[in-house]
Amino acid sequence: MLIEFELLEEARHGSDAAFSRVVEAYRRRILGTIARLIGHPDDVEDVGQEVFLRLYFSLEQLRTPEVFEPWLYRLTVNACYDYLRKKRRRRESRMSDIGEQQVLIAEAAAAGRKTDAEEARRQVLDTVDALLGAVSADDRILLLLKEVEGLSLRELEQIYHVKENALKVRLFRARQRVLKAFDRSSEGAKTGGEVT
């Protein structure tokens, strides 16, 4: 844990200074998690503010300091889910407003500014993003928490409120869905077709 239990207790009992220190201690970690989960750097701060706002208003509900970190991760995951749901609704209405010529111009301008190494790195990240985008938000967030954030099964148990075996099954199935998405994208690349 990044903070002392006493500091958390002070924050629970209404100390704004203690709460500020809790936020300072966890801010970087939470914002990093959000950035990986939502994939939109411009919105990370907004989602982070939402997480800490939810924390502030629900801190008195925390029963024991030992479960604080998994609980904070759960608040973070929930805020990311909410953001992704809103984003999906907005994107559905906005994509029809963008003309094909505007997309081509933007892609050409972006490609002209990148070096070969940056382009190769970007392609890998785009492929990973596309593969994770091909699975549900539940699968994507679970895989990012486990594989990128490095959370243990025990920590994930506390976040998802399920037993370890159930988590192992969820992880296995999520990985299988990503592998299927990869196979589909590989087949699409070989035939020159689009990935569906």
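Mentor: Welcome! One term comes first: contact means heavy atoms within 4.5 Å. This is a predicted model, in which local features need pLDDT of at least 70 and side-chain atom pairs count only at pLDDT 80 or more, while totals for chains, interfaces and linings use all residues. Residues are numbered from 1 along each chain as its sequence is written, and side-chain values use heavy atoms, with hydrogens and water left out.

Trainee: Which residues does Arg 177 touch, not counting residues up to four places away in sequence?

Mentor: Val 135 and Asp 139 are touched by Arg 177 when residues up to four places away in sequence are not counted. Arg 177 also sits 9.2 Å from Ser 136, C-alpha to C-alpha, although the two are 41 residues apart in sequence.

Trainee: In which helix does Arg 177 lie, and is Arg 177 buried, partly exposed or exposed?

Mentor: Arg 177 lies in helix α9. For burial, the cut-offs are under 20% relative accessible area for buried, over 50% for exposed, and partly exposed in between, with a 1.4 Å probe and protein chains only. Arg 177 counts as partly exposed because its relative accessibility is 40%.

Trainee: Let me zoom out. How many helices and strands does the protein have?

Mentor: There are nine helices and zero strands, so the order from the N terminus on reads α-α-α-α-α-α-α-α-α. Of the 196 residues in the protein, 34% are buried. Among contacts with a separation of 6 or more, 61% are between residues 24 or more positions apart.

Trainee: How do I describe two packed helices?

Mentor: Two numbers do it: the angle between the axes and the distance between the axes. The axes are lines fitted to C-alpha atoms, for helices over the stretch in contact, and angles run from 0 to 180 degrees between N-to-C directions.

Trainee: What is the handedness of the crossing in which α2 passes α3?

Mentor: A crossing is left-handed if the near helix is turned anticlockwise from the far one by less than a right angle, and right-handed if clockwise. The crossing of α2 past α3 is right-handed. Residues making the contact include Phe 19, Tyr 26 and Ile 34 from α2, and Val 47, Gly 48 and Phe 52 from α3. By class, this contact has 15 nonpolar, one polar and three charged residues. Here Ala, Val, Leu, Ile, Met, Phe, Trp, Tyr, Cys and Pro count as nonpolar, Asp, Glu, Lys and Arg as charged, and the others, Gly among them, as polar.

Trainee: At what angle do α7 and α8 pack?

Mentor: The angle is about 140 degrees, with the axes 10 Å apart. α7 passes α8 in a right-handed crossing. On the α7 side the contact uses Asp 138, Ile 141, Leu 142, Leu 145 and Lys 146, and on the α8 side Leu 153, Leu 156 and Tyr 160. These divide into six nonpolar, no polar and two charged residues.

Trainee: Is Leu 144 buried or exposed?

Mentor: Leu 144, in helix α7, is buried, with a relative accessible area of 9%. Its C-alpha atom is 7.1 Å from that of Arg 36, 108 residues away along the chain. Leaving aside residues up to four places away, Arg 140 touches Leu 37, Leu 84, Leu 132, Gly 133 and Val 135.

Trainee: With which side chain does the side chain of Glu 147 make a polar contact?

Mentor: Arg 175 is the partner, at 2.3 Å. A polar contact is a pair of N or O atoms within 3.5 Å; within protein, one must be able to donate a hydrogen and the other to accept it, and residues adjacent in sequence count only if both atoms are side-chain atoms. Glu 147 is in helix α7 (residues 137–148), and is partly exposed at 46% relative accessible area.

Trainee: Where is His 161 found?

Mentor: His 161 is in the loop between α8 (153–160) and α9 (164–191). Its phi is near 60 degrees, a positive value in a residue other than glycine, and His 161 is exposed, with a relative accessible area of 65%.

Notes:
Helices (H or I, at least four residues) and strands (E, at least two) are DSSP runs, numbered from the N terminus.
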